[in-house]
Amino acid sequence: MPTTRFHILSARQTRGAALAGIVVILSIATVLVLVTAFLSTSEMRAGRTDRTLAGLGSLEEAFIQFVSVHGRLPCPANGAADTGLEDPLGGSDACTFSAGTVPWKTLGISENAALDAWSQKISYRVFLGTTGFTRTGGASMVDCDSNQKGLGIPLPANALCESVKHDNTPEQFLAGKGLTVDDMGNVVTGTAFVLISHGPTGGGAYLVGGARKDLPNAANTPEYSNVITSPTYYARAFSDPSISASDTAHFDDLIRYIRASDLIRKAGQGPRD
């Protein structure tokens, strides 16, 4: 009998050990699946972020090329339409949609080039108005004198360098012009334009077809400012994915900007001797 009892207990112990082993294996497999899913999600987000940043860089080059040909920047497109055309009102200095999107057709690029990696339209903010960079000659300093010392003669009423005597300085031309960007706490003024991807959550982004995602929380100053016409636009580090898109601490926008002086120089529209 003791021998039989020993065999019975051994069988039970064996089955128990086998079940315990299965539980351990299943637990490890579950953890691996969760870790793999997390890594895949993180890698996917990182990949889309990288593609979007690269796309913003390519768009900047397209705007530089536009300025090199036209001596001005285009107006934003109507985000609720899919024409891809800039939308000026009564002249290029009076843009209809100050909080519009990239005018891809006007730039001569594809529609996809004006979308981020989440298939959202990229927003475009530009310094516009009666002294803005969208009016005729607004982003050209070819009539400014690079050798002029001190202040030249007063600027004409159009705030462009005088086209006959060429006695105005680049400093005069640029004074008081441009948007402001708060880049991780570093305030940059004199910005010609800002390109904005509204990131994975896409708060306030326009979609192909004209629909628009819900706007960010108005109390979230950085994200909300990036979807409206604002005196300042923001670049911040991505918030933790656990933070809700409706939270005031949430941020997942990607931006690219260029100062007016750099834009004009790169476009070959700089001052002359």
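Colleague: What makes Cys161 count as buried or exposed?

Modeller: Its relative accessibility is 6%. Buried means under 20% relative accessible area, exposed over 50%, and partly exposed in between, with a 1.4 Å probe and protein chains only. So Cys161 counts as buried, at 6%. A word on the source: this is a predicted model, where local features need pLDDT of at least 70, side-chain atom pairs count only at pLDDT 80 or more, and totals for chains, interfaces and linings use all residues. Residues are numbered from 1 along each chain as its sequence is written, and side-chain values use heavy atoms, with hydrogens and water left out.

Colleague: How do you know that Cys144 and Cys161 form a disulfide?

Modeller: Their sulfur atoms are 1.9 Å apart. A disulfide is a pair of cysteine sulfur atoms within 2.5 Å. So the pair meets the rule. Cys144 is buried, with a relative accessible area of 1%.

Colleague: What makes Cys75 and Cys95 a disulfide?

Modeller: Their sulfur atoms lie 1.9 Å apart. The S-S torsion of Cys75 and Cys95 is about -75 degrees, so this disulfide is left-handed. Both cysteines sit in the loop between α1 (2-70) and α2 (104-107), 20 residues apart. Helices are DSSP runs (H or I, at least four residues), as are strands (E, at least two), numbered from the N terminus. Cys75 and Cys95 are buried.

Colleague: What is called a nonpolar core here, and how many residues has the largest?

Modeller: A nonpolar core is a set of buried Ala, Val, Leu, Ile, Met, Phe, Trp, Tyr and Cys residues joined through side-chain atoms within 4.5 Å. The largest has 40 residues. Leu73, Val102, Phe193 and Leu195 have the most contacts inside it. α1 gives the largest share, 7 residues.

Colleague: Which residues is Val102 in contact with, leaving aside its neighbours within four places in sequence?

Modeller: Contact means heavy atoms within 4.5 Å. Among the partners of Val102 are Leu59, Phe63, Tyr124 and Leu195.
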